[in-house]
Amino acid sequence: MSYLRSLRRFPAKSRSLFPKLIPSLARLIPTALLFSGLCLLTSLAPLAQVSSSHAGGIADKGLDTRVESILHRMTLEEKVGQLVQYSAGQPTGPGTGRTDYDDMIARGEIGSLFNVIDPKEINKYQKIAMEKSRLHIPILFGLDVIHGFKTEFPIPLGLASTWDPSIIEKASRVAATEAAADGIRWTFSPMVDIARDARWGRMAEGAGEDPFLGSAMAAAYVRGYQGSRLDAPDSIAACAKHYVGYGAVEGGRDYNSTEISEHTLRQFYLPPFHAALEAGTASLMSAFNSLNGIPSSANPFTLKQILRKEWGFRGLVVSDWNSVGELIPHGIANDGATAARKAFLAGVDMDMVSSLYHDNLQQIVKSGQATEAELDEAVRHALRVKLGLGLFEHPYVDEGAAAKALYHPESIALAQTAAERSFVLLKNANGPDGKALLPLASGSQNVAVIGPLADDSSYPGGAPPGSGPRVSLPVALAQRLGESHVSRFQGAGILDGSDNDIAEAVAGAQKADVAILTLGEAPDMSGEAASRAHLGLPGRQQELLEAIVRTGKPVVLILFSGRPLTLPWAFEHVPTVLAAWLPGIAAGPALVRTLFGDVNPSGKLVVTWPRAVGQEPLYYNSLGTGRPPGDIDLTRPPSDVASRYLSRYIDEQNTPQFPFGYGGSYTSFKYGPTTVSPQRLSVATLNQGLSAGAKGTPAVTAEADVTNTGSRPGEEVVQLYIRLQGTSVAEPVRMLKGFQTVAIAPGETRRVKFELKPEAFAIWNDHNQILTEAAKLTVWISPDSARGSPAQAEIQP
Ligand code: NOJ
């Protein structure tokens, strides 16, 4: 069905399992994380409804009788109350609705509160709900637990750069255990928005630009948060957000509108949400952005047609912060009642903060603008999550136990492993002695740590600076080298700095054997409401960098940021650059172990790293254009007709600074040719296999030798990409369809094999149906999205 026709059809009306998580992470990796053929196909939406009948989950049919018996006893007021949510703590947006929560809870007018993090306060509110409200329905307490609760893990962009869903699952388990012990049973995470534009600050919160990788990560978060049973005391309900298309905001400016064709929506933006649903997510958040003119929090096509009808979702849809109220400035409602009606009829169950459901929904039902059956359905979704969590049986948190769940040594160790695996070595050029600067030689050398970000790279939403057993880089370096070998210079602030500070840092670098520069963005320069039009180093940091490089001392640049930064000068003149993202609580030890080679970096980029802001949005899985530049040298301006009338810039190359999937190592890997078998496939056989989804038998085997040609053991994220040509709709120049992390000893060759199920070759065709088509098939097994030798095959009609 076409998008427009669909719109017309819907008129505007985390303890006991806490674990033995950590010790064998390193050992797990060599077993190769085969993800390709084994991964659920998340884009097969219409063929495969969500079958998430996870025991103890929200889709558990066993909950239905209990839901109905509660619903049966509820008044109209109480039903609406279950759909009302307020922030009752530190606000995470403008305006907080109301403050008379005690009275409202007693009257059954509130279903959920969030941003309350004191267990005593949580119990205080819960006591009112359980003892004073007529039906004793517990309050659901939520929070943005996005990369750990108190034990702060790397930001999600960093976590995704591990290319290791098992780390994300374990980190989310720790987050769930800590949050649940505090009384928080609902996290507004994972953010599964595809992000193609580094100007958008919220790129930091997601898994990057690829739907295949993003789907794997989305499912891992949900599994980690929700555990093996949602009703276990250490499980919390996940909330996949922001549904949908939010990452495509125009100009990368937060809260802006989006224009996404149905084809692109289905191919790129929807799959991670479907993967979260397949993994059993209890809830989903409707986004701020308008999508093709319809605000996401009032869009029946995405919220009803796709989510409920095609995918069969039975969980809760909560609006984003005041996104119901924002229907007015969006321009599709002129008053609160209309905004509430449009959001509700489109499929938003719970109203976060705006109070418009509280104020209007009863009247909307009484006046017949919405039916009581529609109201009942929304209430069912809310009750199912509360029942699924076991909140009716265990509404209170053990106030004495809360603090004991935090900062377990195993959790800190996992945060350190996650950080080590999240770092992406962008550059490590050989010096005049023919040797790369990293890893630094052990032994006594004098290190100057320079820059504003060495001491604190925590992130808003993570633990506040100074909390928990945090070890900064200078402290960890001093522990390794001895205090007298480490000097520390601020050099510049993030946004400011003086000539004197720069001069002191230069003098410090001159006395040292090596300068470690810690530059980048302040933690609050990425995330929500942190879009940037300039992606260079803020303030005087570029000046500081150039001054230190001019000393001629060896320089290691560690970049802290929630996004790629456009630093052409640095990538040309600084020998060694490491992207550390915002690494969390164990930043210091993780960085020191990496700098000295105790661990060999293996992280790879999950977003394309631009050369210039003007290239954005920039992503590897783009379409081909009718005028690809081919072999034309784009480093020079066009000089004739042949070099001019191409899809190119006259003042910048098309290629990124670093492609999606790129990441260096202290060793080197050589890839042999890709082989594919069989080389002839048939549309009919592939289409037959489609309905089996991930359970189907492999249709194609692709293999390549990968050799460690260096002198150190290393882990390599081996990637598999395909391209389909000759199809009814133009397909991307490359699409990730598999990845594996392989540990390879120096001199060793590993044969890496991928098995691709029929679903890998299905496309959203020109009728927006997912099917296989006759096509020329190209397959690469490669270290990133720009290299690798292609193998050819054919899908025959
Ligand atoms: C607005 C953000 O967009 C969303 O991600 C978050 O969960 C809510 N605020 C609640 O803090």
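This is a predicted model: local features need pLDDT of at least 70, side-chain atom pairs count only at pLDDT 80 or more; totals for chains, interfaces and linings use all residues.
Which side chain makes a polar contact with the side chain of Glu715? That partner is the side chain of Arg421, at a separation of 2.8 Å, where a polar contact is a pair of N or O atoms within 3.5 Å, and within protein one atom must be able to donate a hydrogen and the other to accept it, while residues adjacent in sequence count only if both atoms are side-chain atoms. Residues are numbered from 1 along each chain as its sequence is written, and side-chain values use heavy atoms, with hydrogens and water left out.

Let me stay with Glu715 for a moment. Its place is in strand β21, residues 714-725, and for such labels the helices (H or I, at least four residues) and strands (E, at least two) are DSSP runs, numbered from the N terminus. Glu715 counts as buried because its relative accessibility is 16%, and here buried means under 20% relative accessible area, exposed means over 50%, and partly exposed lies in between, with a 1.4 Å probe and protein chains only.

Now to the ligand. Of the 13 residues around the ligand, the ones that come nearest are Thr92, Asp144, Arg202, His242 and Asp320, and a residue is taken as near if one of its heavy atoms lies within 4 Å. By class, this shell has 6 nonpolar, 2 polar and 5 charged residues; Ala, Val, Leu, Ile, Met, Phe, Trp, Tyr, Cys and Pro count as nonpolar, Asp, Glu, Lys and Arg as charged, and the others, Gly among them, as polar. What lies 2.4 Å from an oxygen atom of the ligand? It is a polar side-chain atom of Asp144. An N or O atom in the side chain of Arg202 is 2.6 Å from an oxygen atom of the ligand, and for His242 a side-chain N or O atom is likewise 2.6 Å from a ligand oxygen atom. The protein covers 99% of the 300 Å² of accessible area that the ligand has on its own, with areas from the Shrake-Rupley method and a 1.4 Å probe; for residues, only the protein chains shown count as cover.

Next, the empty space. Rolling a probe the size of a water molecule over the atoms shows where empty space is left. The largest pocket has a volume of about 1200 Å³, and it is lined by 39 residues, of which Tyr620, Ser622, Leu623, Asn654 and Val733 lie nearest its centre. On a 1 Å grid over the protein atoms alone, a pocket is an open set of points with protein on both sides within 12 Å along at least five of seven lines, unlike a cavity, where a 1.4 Å probe fits but cannot get out, and lining residues have an atom within 4 Å of a point. Grid points are joined across faces, edges and corners, and the volume is the space filled by probe spheres set on the points. Helix α10, residues 262-269, gives the largest share of the lining, 4 residues, and by class the lining has 19 nonpolar, 16 polar and 4 charged residues.

I will turn to the backbone. Most residues other than glycine have a negative phi, and most peptide bonds are trans. Trp163, however, has a positive phi near 55°; it lies in the loop between α7 (156-160) and α8 (165-181), and it counts as buried because its relative accessible area is 0%. Val353 also has a positive phi, of about 75°, and sits in the loop between β10 and α15 (356-366), where, at 3% relative accessibility, Val353 counts as buried. Which bond joins Ser189 and Pro190? It is a cis peptide bond, with omega about 10°, and Pro190 is in the loop between β4 (186-187) and α9 (211-226). The bond from Leu438 to Pro439 is cis too, with omega near 0°, and Pro439 is found in the loop between β11 (424-428) and β12 (447-450).

To finish, consider Gln510, in helix α19, residues 499-511. Gln510 is partly exposed, because its relative accessible area is 46%, and its C-alpha atom is separated by 45 Å from that of Asn621, 111 residues apart along the chain.
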